[in-house]
Amino acid sequence: MSPVAPLVLDEPLVETSDSVNNFSITVATVNGSGSQTSNLTILRALFKMGIPVSGKNLFPSNIQGLPTWYTIRISRDGFLARPEEHEVVVAMNPATFARDLADVLPGGVFFYADDIKLAINRSDIVAYPMPVKQITKDSGAPSNLRDYVANMVYVGIVAQMLEIDLATIHLAINFHFKGKAKPIQLNWDVVQAAAKWAAENLEKKDAFRVEPMNATQGYIMADGNTAAALGSIYGGVQYVSWYPITPASSLAESLNEYLPILRKESDSDRKTYAVIQAEDELAAIGMAIGAGWAGLRSMTSTSGPGLSLMTEYAGLAYFTEVPVVIWDIQRVGPSTGLPTRTMQGDLTFVAFMGHGDTQQVILLPGSVNECFEFGWKAFDLAERLQTPIFVLADLDMGMNQWMTPPFKYPDVPMDRGKVLWEEDLERLGGNWARYRDVDHDGIPYRTIPGNRHPHAGYFTRGTGHNEEANYTEDPVVWHDMLERLKKKYNTARDYVPGPVIDQTEGAEVGIIAFGSTEPAILEARAQLARMGIKTDTMRLRAIPFNTQVQDFVRSHNRNYVVEMNRDGQMCQLLTIEYPDKGSDLVSLAYTDGLPLTARRVREMILADMGMTPQEAH
Amino acid sequence: MADQTTSTGARIQVNLVGLSKSDYRGNPSTLCQGCGHNSISSQIIAALYEMDVIPEDIVKFSGIGCSSKSPTYFLNRSFGFNGLHGRMPSIATGALFADYTLKGLGVSGDGDTASIGMGQFKHVVRRNLRMVYIVENNGVYGLTKGQFSATAEKGLSLKSQGNNPYMPVDIAWEALVGNATFVARSFAGDPKQVKELIKAALSHEGIAVLDIISPCVTFNNQDTAMHSYQWGREHEVALHELSYVPPAEDIVVEYEQGEAIEVTMHDGSAVILKKVSREHDPTDRAAAMAVLEEANRCECLLTGLIYIDTTKPSLIEQYHLVDTPLNRLSEDRIRPKPETIKMVNDLMF
């Protein structure tokens with residue numbers, strides 16, 4: 001192989017403060033080609049170098065063959081929202097080559113597989129060819145495995161050219177293959193061969209590079225679905241019924257992976273839990289409700305279409321007051337929508353999920369760490385409130401790898417709620433009623449099947465019932481039952497996690513958001529601050545809202561409600577709650593299937609303020 | 001059974017667990033006078049009383065419809081869950097995991113099972129959940145006032161519905177094809193057989209499907225209708241004379257060698273199937289299929305224990321649960337220890 005002549009730039013590049021630890025790498029590949037391993041390797045290596053990073057996988061609903069992009073944001077300042085600019089692009093897919101080339105920022109870098117015989121028609125970037133097939137072959141990889149490891153070539157070349165520490169690359173490969181010597185060696189050989197080739201054959205002509213930092217110490221890297229599964233295990237989950245659906249499947253699969261490790265009985269291999277793959281979501285939630293009713297910490301996980309099927313039983317669980325936890329990893333709707341893209345679109349649907357008057361309790365984790373925390377808290381809340389608890393994450397949070405503080409062990413003992421066992425009924429002389437509001441908080445007491453006291457049993461029904469759970473159509477009883485459920489919902493306000501509020505001295509406007517948009521909000525807020533626009537932020541963590549939410553809304557004469565949907569669903573819910581503040585609640589809703597960016601947030605706010613981005617700069 | 005004297009001095013008959021028949025009763029039925037379902041409720045009460053079952057050991061399940069109301073008419077002391085239309089199986093599949101010592105007793109109907117609930121029915125059957133699954137089958141939707149159900153025979157004529165143009169669903173057949181481990185058919189007009197079959201079903205360690213023709217006296221009891229009392233009485237062909245012998249009781253049913261088949265159940269009880277007019281070995285799946293096919297062709301109401309397999313493990317058995325019922329496990333057995341959290345964080349990158 002002969003050295004490759006670098007392209008000549010119109011203007012020579014100089015290293016700027018922005019080209020070190022402050023750019024993005026976008027990798028364009030073909031779905032199903034094994035590129036996820038390569039992309040995660042780069043992401044994890046950067047993380048181990050101590051540099052704040054985030055990775056977003058923009059993948060198609062397809063097993064093999066369609067284009068996929070993976071964007072890594074490297075930000076020494078810790079701004080980790082999805083970047084919109086592509087400084088460094090790695091082009092491995094002939095089908096998107098032209099578009100990927102066009103997307104590179106002027107002054108940017110373009111790595112491309114040299115078997116793609118398409119013209120590089122730009123002179124304002126640096127382009128590096130990568131002899132992928134040759135290097136894979138030269139690495140010594142057996143011919144039948146070459147297709148699987150070919151993507152490791154760009155890992156080696158990019159690492160070499162951007163100064164990513166190869167030792168951290170090795171750590172990442174070792175982690176990915178769980179210490180299995182053979183695949184580790186195979187992939188590592190390709191990386192080394194590629195790095196060596198680049199060192200010998202490519203002349204560095206661009207300014208982008210990375211330097212070790214110390215900014216990721218005390219963090220781990222994980223995805224929200226794994227965190228949710230682990231949190232559920234620390235919540236003592238006993239029953240999981242689920243049905244496969246993107247992007248929620250990996251949550252249940254993680255339960256299958258970690259339950260056997262974390263819930264080993266000391267003296268036997270017998271199990272304290274059951275995971276069952278149901279025939280559909282109608283059955284998945286039915287099973288979870290049956291188990292919750294019978295006293296198990298019970299859950300299911302799904303996404304929009306599955307949630308639609310679960311609606312009927314969700315309404316019954318609300319009305320019959322059965323504890324159950326439902327994770328909704330939101331994807332793009334309506335309908336089948338975009339199964340592999342992200343959205344915050346199920347809010348109003350879930351808040352009222354069920355026919356008749358229904359009010360559901362919702363938790364809104366805003367980070368991977370919070371997925372863990374809400375994983376165990378959701379069970380406490382479900383059993384305390386005797387109602388379904390919906391936890392709404394989304395595809396971005398659920399399936400992408402995020403830097404996050406380590407998971408923390410639950411800081412309170414389990415709350416199993418108001419349950420009466422044999423000895424309690426004995427003490428009460430059997431005098432109890434399933435739906436009697438003894439404590440005036442709207443939450444009744446319950447017994448659970450298996451309680452052998454002769455007065456323990458009652459008949460649960462979705463039809464009208466009195467305090468003793470017997471059928472009745474009595475108008476007064478019906479009215480009072482629904483009012484008590486409303487009272488219970490109001491009680492929930494003081495149990496669910498309150499909002500996270502961050503205030504700035506002298507700020508007059510508030511930004512209200514929730515969930516995975518947190519990084520975009522933080523970055524936009526910093527950008528606005530630099531422009532002299534002070535903001536307070538409130539990240540909502542649950543519905544129903546507590547008094548802190550009310551105080552925040554009332555203390556700002558303009559509240560921007562930022563969310564990833566079309567209709568401003570959170571803004572609608574806030575407006576219903578605080579109708580008098582309706583005109584001060586401004587919906588900034590946007591959905592295109594991709595994670596929200598800081599620029600979008602900033603520009604939506606500036607537009608409402610009557611400023612163009614140019615004016616603001 | 002024995003007599004017991006109450007506090008008021010009255011003598012009442014009690015069973016071996018010291019309960020009287022009234023301990024097995026439910027609320028008064030609100031179904032029509034003469035409804036087949038009421039007869040089945042009575043046989044459930046009688047069977048459980050005679051079997052000395054403690055009501056707290058049973059959990060009742062049902063879906064939606066006239067049949068699904070009936071669990072309130074028996075076993076008031078048992079827990080019960082009246083779920084959604086066609087979705088009884090999923091509730092039971094969750095609930096019974098909570099305490100494996102509990103036995104499920106589900107009552108569904110032909111609409112609840114063979115139409116809206118066909119999916120869940122087939123899946124609970126293939127999973128072999130340990131429960132009695134009774135279908136009170138009357139060929140008609142009673143609670144919505146007389147529409148055809150999926151088990152109504154082709155050509156059935158109903159008031160203001162016209163003629164049924166479709167072939168019926170055969171619930172026993174569906175259960176058998178779906179790998180049920182206990183399939184029986186009976187007739188509410190044959191209470192003795194219903195009672196014995198319920199006892200056998202309760203002793204079965206797996207799903208026990210009882211397809212019981214249970215006439216709807218209001219909407220589908222014309223003499224020519226296949227789900228009517230009259231038609232049933234005239235066309236019932238019992239596969240055998242069936243009797244249940246509790247565990248630890250000597251078999252006193254008399255029969256000649258080769259005249260009966262004895263099936264031993266897990267709990268040591270036995271079902272004696274005395275030959276009536278024909279041979280049928282209910283442990284032979286092919287024979288069971290043949291007998292159902294024959295019943296369709298001869299247009300007769302073939303009743304009895306069609307199929308039984310006592311060798312298959314039940315759903316919950318396959319999960320190897322701990323001895324303590326799951327819903328009685330303390331926090332220390334379901335929340336991992338504090339020291340594990342470091343390992344978990346180390347497992348992440």
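Predicted model: local features only at pLDDT ≥ 70, side-chain atom pairs only at ≥ 80, totals over all residues.
View 1. Residues are numbered from 1 along each chain as its sequence is written, and chains are lettered from A in the order in which they are written. Of the 349 residues in chain B, 53% are buried, that is, with 20 or more other C-beta atoms within 10 Å of their own C-beta, against 12 or fewer for exposed residues and values in between for partly exposed ones, C-beta atoms being placed from the backbone.

**View 2. Helices α3 and α5 of chain B.** The axes of α3 (residues 88–95) and α5 (residues 118–127) of chain B come within 8 Å and cross at roughly 35°; axes are lines fitted to C-alpha atoms, for helices over the stretch in contact, with angles from 0 to 180 degrees between N-to-C directions. Helix α3(B) contributes Pro89(B), Ser90(B), Ala92(B) and Thr93(B), which meet Gln120(B), Phe121(B), His123(B), Val124(B) and Arg127(B) of α5(B).

**View 3. The loop around Gly429(A).** Gly429(A) lies in the loop between α15 (422–427) and β16 (459–461) of chain A, helices being DSSP runs of H or I of at least four residues and strands runs of E of at least two, numbered from the N terminus. Gly429(A) counts as exposed because it has 8 C-beta neighbours inside 10 Å. Its C-alpha atom is separated by 43 Å from that of Tyr258(A), 171 residues apart along the chain.

Key: Contact = placed C-beta atoms within 7 Å.
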